[in-house]
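Hi,

Here is the structure I promised to pass on. My notes on what turned up in it follow below.

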Amino acid sequence: MIRLARVAGPLALLAACSGPERHRHTEAELQKLSRLERGLVFVERAERGGEHPISRLPGDTTAPPAGGTAVQRVADGATVDVNSRLRVQLDDSLVPPASRGTVVSSSEVEALVADAKALSEALAGIAEYREAEVNAVRLWRAYDSTRTLPEGDRAYDPFKAAVRALADREQSILDRTLRLWPTDSPEFEAVDAELNATLLGDPDATAKFARRVQGRLDALSAELQSFANRTRRRADGSGEHLRIEAVLIPAEDGKKATNVHVENYDTLDEGSVQRIDTLGLRLTDSERANLARLTVETQRVAEALRRLDAGEASFEQVVAELGADTFRGLDELVADLRALRDPEFPRRADAMEQAVEAFVRALGERLRDFADARKSAWTDAVQELIASSTALRTVAGSIEILDGLRGRWSAVEARDVPALAQETLAALKQLAEALEDAPKVVSEARALLQTLQRDVDAAPPALLGLARETWKGSALEREVGAWAAWFDRMQARAKALGELVGFARFPVRSDLTNPLALSVPIAEARDASVDLRKTPRKAGDHLQVRAKLLRGANTEDTVEPDYVVTFELAKLGWHADLQPSVVFVEGDRVAGADDSGGFSAALNWIWSYGPRDDEDDPYLSRSLDWGVGLHAVFLSFGPDNDAEIGLGVSAGLWDQRLQLGAGYNPLAESEDDGRFYYFIGSNLVPLLQALTREE
Amino acid sequence: MTILTNSRKKLDAALDDDETTLFLVLDDPEELVAEAVHDKAEEIAAPRPWRRVFVVTDAELLTDDERMLWFDEPGHFAVVGGKAKVVAMRGPLTDLVLPNGAPIAMKIRTAFNLGDHLK
């Protein structure tokens, strides 16, 4: 038990964090929002039908309440349920209400015009309907009078044929009427009464209904004409256009992001519904692969900790073993940071500038005019990149702190772990925050690479071969690529470390674009939605929605910066999950052993409650993030060390970062053979993954 | 319209007739829509003598199979037709009314038409 308490310190330290609340706009911030930020309103439609506003809802007032400050939730960073549907509503400020919600497809209007014409003709020939009904009644009488006679059977078929023809004729009228006036149409009740009276033979109602149909036909014809006009305008490509794209970003590898279908805004396949089981037992392919990976890594962690406990390895060796990438990642980060401060940075900057000169010279020797025309733009872009990179050099000051901490970790004593862990966390957090500008540098380097590549490809056809030959393998290509990789690596490390430190939430972003996305004229834009159930998602993944306000249909030129919102996918409400964890397990009584404790891997089936962002803190689930459930754990109590499996209950805090459990070993021969056991543990594998992740 | 209270003799006779299309309502005393729907169904059925409307006030009059095939619970309707009296359409009566409780003639006619189509 004493040893359990000793292990609890570092584990509790890892555990004592919980997610920050989502940011809300102040009134001042609200005034600075872009049109897209104001105009797109996100709503989560839960699987059971309830709607949960994620950001402001249309019609909400922005005026501050008496004595208070008006706040509106920011959509970015919100959590949505894995089985929900995300709706993007267009606010009046973005799309005029008059043009929203109307039929936008000319083919739909054409179909309705055809319905109205056919209905009008049917009403003009309503006498034929009357005759068909009279004929069916006559045939019924003929059948009814002979049904008990031998000729009765012969009379049945003509009667039935007449009844079916009558039903078809009537149903055709009903179907067309229902398409022209759906049940939620304001006129529906009057239409229903008039049509019913018409079919019952009321001449006044027939005349009235015929006039109503003609009125609808005239209105639809006008709408069709309006469409033709709009289509002409659209063909011109003028006017603002809205494009909305969505990307699913897997938790384990952001580079494997995929486009997902946005209703009304792309032509991607919709996909089929695949529900994520709230009991956590029927796993999707993606969930199963993730659980298998976590389980293997948990076993590795447990084995490494067991060796540490047995004195077979030092702390640093164990951590290095847990992921060779861990220390290599830190070493790389330190080396990269050092390069920002040391002569390495000017050297790289010089090399880049020289590479530009060399490239222009090499190209100029062969294609002088082409190179001269672009030299100035290329040089400016390189200078801009170097300037942005220089700004990052200020973070190099963290190097001494990190270097010092690495040295202290290598000789750490168990009693120093909590304090050292805290210092390391603080230093890493500071560093991760300082490196927030790294993405800008990376994107600039990538943009430069793309510009150069595009310029080369845009060379006159007769010169293209020469231009490509000069570019390929040039020092400039190498330097720009290395520059991008250099900062990309730092950014990835900083981000991974940032996630580790206090579960900081760093923005997840993807540059993936959707080639099948549509640009919709802003006046005809409709609400969008993403059905998460039709995506290959799992809890922990992210959904990114990018909205663009384009100046025209055939341009990438935007009116304002893109509005990018990233949602975290999670299981919300009551749910269960299978989770592996590393535990320090000790038998209650083990005869012949002074110390029966040891590290092991457990698999837990944990019930917990995921609160929505608009909920307070139900069941203390936000502050404690607790869960309870069942577990199975590998047991290996001394002195025989036979591998056995125990079953029991476990409870955890902070998403199982800290876990306590007790159970029963069915294979134990007696109570002195470790029949009852208890453990303390943590699902720290995701934390280690965060540290070693390659972004 | 025939209201079945303590005998199913008329229902059995109608079920035995090959040509009939039956609009059946399992009454729900707590629901006001039933009366409005079966009155409208009666109005629609009137010009066509092969169409009949039955209101069952006591579910005990029905066999287990009939209860299972026709109704989920009181306040539901079913339209059966053809020689075998196959179910053409069934559901809650609320499917046949507007939010204000007014019966929708077009939907009742559609249900009858489906029943008439069965051979």
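Let me start with a lysine: A:Lys548 is buried at 13% relative accessibility (buried means under 20% relative accessible area, exposed over 50%, partly exposed in between, with a 1.4 Å probe and protein chains only). A:Lys548 forms a salt bridge with A:Asp562, with 3.0 Å between the closest N and O atoms (a salt bridge being a side-chain nitrogen of Lys or Arg within 4 Å of a carboxyl oxygen of Asp or Glu). A:Lys548 sits in strand β11 of chain A and A:Asp562 in the loop between β11 and β12, so the pair ties together parts 14 residues apart in sequence. A:Asp562 is partly exposed, at 25%.

Some housekeeping: this is a predicted model, so local features need pLDDT of at least 70 and side-chain atom pairs count only at pLDDT 80 or more, while totals for chains, interfaces and linings use all residues. Residues are numbered from 1 along each chain as its sequence is written, chains are lettered from A and ligands numbered from 1 in the order in which they are written, and side-chain values use heavy atoms, leaving out hydrogens and water.

Now the interface. 26 residues of chain B are in contact with 31 residues of chain A (contact means heavy atoms within 4.5 Å). The two chains bury about 2,700 Å² between them, 56% of it on carbon and sulfur atoms (that is the accessible area, 1.4 Å probe, that two parts lose on being put together, summed over both). On the chain B side, B:Glu19, B:Met106 and B:Arg109 lose the most area to chain A, together 26% of what that side buries.

Five salt bridges link chain B and chain A. In one of them, B:Glu19 pairs with A:Arg147, with the closest N and O atoms 2.3 Å apart. B:Arg48 and A:Glu170 also meet in a salt bridge, at 2.8 Å from N to O. B:Arg48 lies in the loop between α2 and β3 of chain B and A:Glu170 in helix α6 of chain A, so this pair joins two chains (helices are DSSP runs of H or I, at least four residues, and strands are runs of E, at least two, numbered from the N terminus). B:Arg48 is buried at 1%, and A:Glu170 is buried at 0%. Salt bridges with shared partners join A:Arg130, A:Glu133, A:Glu170, B:Arg48 and B:Arg109 into one network.

Have a look when you get a chance.

Cheers
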